[in-house]
Amino acid sequence: KRQISDAKNQLLDAEAYRLKVASYFEQTAAEVYEVYEKRIHSMNAMDFDDLLMRSVNLFELFPEVLERYRRSFRHVLVDEYQDTNHAQYRWLRLLAEEHRNLFVIGDDAQSIYAFRGADIRNLLDFENDYPDATVIKLEQNYRSTQTILDAANALIANNRAQKPKHLWTDLGRGDPIHVRELEDEHAEARYVAGEIERHVDGGGSRDDVAVFYRANAQSRVLEDTLVRYGVGYQVIGGTRFYERAEIKDALAYLTLLVNPHDVVSFGRIVNSPRRGIGQTSQGRIASHANTMGEPIFDVAMAPEDVPGLGAAAVKAVGRFMDTMERLRDRAAEASVGDLLQEVLDDTGYLATLEAERTIEAQGRMENLEELVGVAREYDAAGQDSSVEEFLQQIALFSEQDNLRDDEGIVTLMTLHNAKGLEYDVVFMIGVEDGVFPHSRSIEAGDIEEERRLCYVGVTRARRQLYLTYARTRALYGGREWNVPSRFLGEIPPELTDAEEQPSARSAASSWSGSGAGFGGAAPSRIEPSPGATFALGDDVTHAKFGDGVVTGSEPGGLVVVRFARDGAERKLMADYAPLKRR
């Protein structure tokens, strides 16, 4: 799938892609690409990449069409230009080539989507493509403090492929950047949780706080720790609403009602909920439709004509298609919301979930209720609503769960998901070589995009920025001893509170060729951050047992605490217990 998408972004059809392949995998992808194109054409459909590729083909093959659109759009404005791919670049060149009224906004330092086909050269070479272009640098920043901006400026200056800029603000210097070395990922998570609660105790809200990480796998320990501390949070980038199975099923029903050629939607819903129509029967129906060259909806309407279909399957398919035919008739007159509700009722989808009588099924039913609500909102928004337009809007729409609690919630996400957002307090965890920059990028020599990703993370912070790294980290099934990220060594020490963290001063010094950064001294062991260890006499609070005092410690990371509530002494694992200083 990725290979085909990348090929289309490069404006390569199946035949052109086949001529460029080298490896066995690429040869296989070329064969799949060819079959895929035939299938998608037979279904009278296009995928998202086709929308761009075919538009370029249309402009190139039919000059009169291109001229019509050039007359219609005399001025073209493009935002986030650094994220455009080759197909979008070519489309824009064709559209704006005559009148040359093209206005683009972009930041090469925030080009972080090469893995999706984005080409930073589109922005870097803009002045070569348009020598008469006027360039306006927007260097004043209205979000972050000057200390944060100076760190970002110093960081991105190490990239060769860039358009130099110097961000500045009149918001003042602000606090230094907090750089912390922790023993391991558990100590790191406890430190983050403790600092979040300190922010809240000082009058702040958890809504002000975000935690960024390079890879999704890093969130597990942090999530566990936040749960133990009773800190509400949401994860951006998990299973989104429209990616949930029940939502996909409901939309597939609607899709088949308006596109009788859609084999994929038919296969998804014909036995969902279960109707006794197995994979073999589905395959025979699809094969017969392909052989006859007819829409699969029409073929399924006459299941007795499908070769090899058993009597039980004929009966089951007949019942299913009777329902679908009634719903298709309703689609011509009913609103989208009413039609969707009827689909869920008449097909037995809701009844099946209700019969399960589980919390999971209840959650799925609530999701479907929400989808019906979305459809009703769509109906209310326009006079000429249609199922086709509703599905088109859904296909281009992405919703992030809106989870709240009374004290606010902390937001967790990967750095790639952080682009375009901003928070008063930002934590970037796992700032270690091999983690960030990622080991794959180091091996591929693609450090500059990783540095741009770091720049994006740094510039999300309004007031407070924390950078943390661990001496040892368990990730991807193994434990590694890591060195601090080279990116830490590119931040001038006067911008950080590294003076309070001796080993932080020496972080990544080996990566700083000029001796800049945190200095050249060998890393020295530091006292763990608050929450990492507990000293005799410390006043502490446990999420379950309440207030107490530390009365001792034992080998293996055990801490002994006497709790005021019942006077009992308990031995707790410091790494895992929901325990923090008062």
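Which way does α4 cross α6, left-handed or right-handed? It's a left-handed crossing. Keep in mind that this is a predicted model.

**α4 and α6**
- Helix α4 covers residues 48-61 and helix α6 covers residues 86-96, and the two pack at about 30° with their axes 9 Å apart.
- Since angles under 35 degrees count as roughly parallel, that makes α4 roughly parallel to α6.
- On the α4 side, the contact uses Leu52, Ser55, Val56, Phe59 and Glu60, while α6 brings Ala87, Gln88, Arg90, Trp91, Leu94 and Leu95.
- Sorted by class, that contact holds seven nonpolar, two polar and two charged residues.

**α10 and α11**
- Helix α10 (residues 185-201) packs on helix α11 (residues 219-229) at an angle of about 45°, with 9 Å between the axes.
- That angle makes α10 oblique to α11.
- The α10/α11 crossing is right-handed.
- From α10, Glu185, His186, Ala189, Arg190, Val192, Ala193, Gly194 and Ile196 meet Val221, Leu222, Thr225, Leu226 and Tyr229 of α11.

**Nonpolar cores**
- The largest nonpolar core has 49 residues, and the members touching the most other members are Leu254, Phe266, Ile285, Met324 and Phe390.
- Setting aside neighbours within four places in sequence, Met324 is in contact with Tyr253, Leu256, Leu257, Ile269 and Phe297.
- A second, separate core has 38 residues, including Ile148, Ala152, Phe436 and Leu495.
- As a rule, nonpolar side chains in soluble globular proteins tend to be buried together.

Terms used:
Residues numbered from 1 in each chain as written. Predicted model: local features only at pLDDT ≥ 70, side-chain atom pairs only at ≥ 80, totals over all residues. Heavy atoms only, no water. Core = buried A, V, L, I, M, F, W, Y, C linked by side-chain atoms within 4.5 Å. Buried < 20%, exposed > 50% of the residue type's maximum accessible area, 1.4 Å probe, protein only. Contact = heavy atoms within 4.5 Å. Axes fitted to C-alpha atoms, helices over the stretch in contact; angles between N-to-C directions. Helix = DSSP H or I, 4+ residues; strand = E, 2+ residues; numbered from the N terminus. Parallel < 35°, antiparallel > 145°, perpendicular 65-115°, else oblique. Left-handed = near helix turned anticlockwise from the far one by under 90°. Nonpolar A, V, L, I, M, F, W, Y, C, P; charged D, E, K, R; others polar.
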